[in-house]
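Biologist: Before we begin, could you take me through the terms you use, one at a time, and set each of them against its definition?

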Amino acid sequence: MRTSKPITVTLGRQQASVDARLASGAYDSASEVMRAALRALDREEQTITAIMRAKVQEALDDPRPDIPAEDVFKALRAHHADRMKASKRDA
């Protein structure tokens, strides 16, 4: 019995990529190409998650004192105002 179900996918411009892989002989079917693509996407997402977790942990482990939110937002507002002024000058 089949453990997966057939689906229909419209690839648009990516169809050329699938066709090239099939023509090269690297894959025997479009299904194999799609499974490989999904495995690559899974690896990419796992890597990004690991990087983000490490960055969060790094921030949590940072011994420097916290910056009050009001100071952060004040600096952001000033930065934004400066950028807006520069944008108007350059326009």
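Modeller: Let us start with the word contact, which means that heavy atoms lie within 4.5 Å. Please keep in mind that this is a predicted model.

Biologist: Which residues of α1 and α2 meet in that sense?

Modeller: V18, R21 and L22 in α1 meet A30, V33 and M34 in α2. These residues divide into five nonpolar, no polar and one charged, where Ala, Val, Leu and Met count as nonpolar and Arg counts as charged.

Biologist: What makes α1 roughly perpendicular to α2?

Modeller: The axes of helix α1, residues 15–24, and helix α2, residues 30–61, come within 10 Å and cross at roughly 115°. Angles of 65 to 115 degrees count as roughly perpendicular, and therefore α1 is described as roughly perpendicular to α2. As for the handedness, α1 passes α2 in a right-handed crossing.

Biologist: Where is A30 found, and why is A30 called partly exposed?

Modeller: A30 is found in helix α2, and its relative accessibility is 37%. Since buried means under 20% and exposed means over 50%, with partly exposed in between, A30 at 37% counts as partly exposed. Leaving aside the neighbours within four places in sequence, A30 is in contact with V18 and L22. The C-alpha atoms of A30 and Q15, which are 15 residues apart along the chain, are separated by 9.4 Å.

Biologist: How do you know that R64 forms a salt bridge with D62?

Modeller: The definition asks for a side-chain nitrogen of Lys or Arg within 4 Å of a carboxyl oxygen of Asp or Glu, and the closest N and O atoms of R64 and D62 are 2.5 Å apart, so the pair counts as a salt bridge. In general, side chains of opposite charge can pair when their charged atoms come close. A search of the whole structure finds one salt bridge.

Biologist: Why is K85 called exposed, and in which helix is K85 found?

Modeller: K85 is found in helix α3, residues 69–90, and its relative accessible area is 53%. Exposed means over 50%, and therefore K85 is called exposed. K85 and P6 are 79 residues apart in sequence and 56 Å apart in space, C-alpha to C-alpha.

Key
Residues numbered from 1 in each chain as written. Predicted model: local features only at pLDDT ≥ 70, side-chain atom pairs only at ≥ 80, totals over all residues. Heavy atoms only, no water. Axes fitted to C-alpha atoms, helices over the stretch in contact; angles between N-to-C directions. Helix = DSSP H or I, 4+ residues; strand = E, 2+ residues; numbered from the N terminus. Parallel < 35°, antiparallel > 145°, perpendicular 65-115°, else oblique. Left-handed = near helix turned anticlockwise from the far one by under 90°. Buried < 20%, exposed > 50% of the residue type's maximum accessible area, 1.4 Å probe, protein only.
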